[in-house]
Amino acid sequence: MQAEHLDLRYEPVEDRLILTARGPTETLCLALTRRLARLFLKALVDLLLRTSDTAARASERHRNDVLLFEHVGALTRALANRPDPGEGTAEAAGALRQDVAQPSALLARVDLSARDGRLILLLAGADGGQATLSMPRDIAHQLLWAAYEKTRAAEWDFTEFAWIEQRERVVLTGASLS
């Protein structure tokens with residue numbers, strides 16, 4: 001399935017993250033264990049680092065700092081372009097109710113790659129279901145932030161990604177990060 005949207009929620013009863021990939025006519029819900037969530041975040045950070053021209057020019061010591069600036073810029077742009085609060089809320093609530101009722105397959109494989117300036121995410125469930133999502137870097141940063149926030153809400157203590165929390169310490173002015 002070619003996904004157009006990806007939602008993420010924490011399921012406290014199963015202590016898992018639930019990724020819901022939505023296509024034009026299909027929906028696929030996949031459960032991430034703590035171990036898979038950690039590997040997913042690491043793979044996403046690694047891909048963002050490997051595909052960043054700016055990070056490639058930085059010394060190894062400063063690559064995460066460069067990625068943090070890019071991350072903050074992406075989230076700042078997302079907030080600036082956010083629709084009015086309440087817009088689409090009823091539709092989103094209905095979709096969430098359907099997801100909660102839909103059984104989730106265990107996520108068996110995640111493949112991340114880059115092509116034509118976009119990041120490609122392939123999710124494969126243990127039941128054979130698959131979803132592919134192509135996204136620009138800004139959306140990948142939003143996914144990184146959302147996934148990290150869900151792991152924090154789950155109290156999974158992924159300290160190796162704590163640098164993401166430092167975004168409040170970065171102040172961006174009118175300068176471009178590209």
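This report walks through the strands, nonpolar core, aromatic pairs and charged contacts of a predicted model.

## Ground rules

Residues are numbered from 1 along each chain as its sequence is written, and side-chain values use heavy atoms, with hydrogens and water left out. As the model is predicted, local features need pLDDT of at least 70 and side-chain atom pairs count only at pLDDT 80 or more, while totals for chains, interfaces and linings use all residues.

Helices (H or I, at least four residues) and strands (E, at least two) are DSSP runs, numbered from the N terminus.

Strand S2 spans residues 16–22 and is mostly covered, with six of its seven residues buried. On to the next partner: S2 also pairs in the antiparallel sense with strand S3 (residues 27–32), over six bridges. Here Leu17 has Leu32 in S3 as its bridge partner.

## The nonpolar core

A nonpolar core is a set of buried Ala, Val, Leu, Ile, Met, Phe, Trp, Tyr and Cys residues joined through side-chain atoms within 4.5 Å. The largest one here has 38 residues, and Leu44, Leu144 and Phe161 have the most contacts inside it. Elements giving two or more residues to this core are S2, S3, helix H1 (34–50), strand S4 (105–115), strand S5 (118–125), strand S6 (130–135) and H5. Helix H1 gives the most, with nine residues.

## Aromatic pairs

The structure holds four aromatic pairs. Rings of Phe, Tyr and Trp (its six-membered ring) pair if their centres lie within 6.5 Å; planes under 30 degrees apart count as stacked, over 60 as edge-to-face and the rest as tilted. Tyr10 and Trp156 have ring centres 6.1 Å apart and planes at 85°, so this pair is edge-to-face. Tyr10 is partly exposed at 22% relative accessible area, whereas Trp156 is buried at 3%. Ring pairs also bring in Phe158 and Phe161, linking them with Tyr10 and Trp156 into a cluster.

Another pair sits inside a helix. Trp145 and Tyr148 both lie in H5, three residues apart, about one turn of the helix. Both residues are buried. Their ring centres are 6.5 Å apart and their planes lie at 45°, so the pair is tilted.

## Salt bridges

Side chains of opposite charge can pair when their charged atoms come close. A salt bridge is a side-chain nitrogen of Lys or Arg within 4 Å of a carboxyl oxygen of Asp or Glu, and by this rule the count comes to seven. One of them joins Asp7 and Arg22, at 2.6 Å from N to O. Asp7 lies in strand S1 and Arg22 in strand S2, so the bridge ties together parts that are 15 residues apart in sequence. Asp7 is partly exposed at 31%, while Arg22 is buried at 14%.

Among the others, Asp111 and Arg109 meet at 2.9 Å. Asp111 is partly exposed at 32%, and Arg109 is partly exposed at 37%. In helix H5, Arg152 and Glu149 are three residues apart, or about one helical turn, and their salt bridge has an N to O distance of 3.0 Å. Arg152 is partly exposed at 40% and Glu149 is partly exposed at 28%.

## Contacts of Glu160

Our last stop is Glu160, in the segment after H5. Glu160 is partly exposed, at 39% relative accessible area. Its side chain makes a polar contact with the side chain of Arg38 at 2.5 Å. Such a contact is a pair of N or O atoms within 3.5 Å; within protein, one must be able to donate a hydrogen and the other to accept it, and residues adjacent in sequence count only if both atoms are side-chain atoms. The C-alpha atoms of Glu160 and Lys42 are separated by 8.9 Å, although these residues are 118 residues apart along the chain.

Technical notes:
Buried < 20%, exposed > 50% of the residue type's maximum accessible area, 1.4 Å probe, protein only. Pairing = 2+ DSSP bridges.
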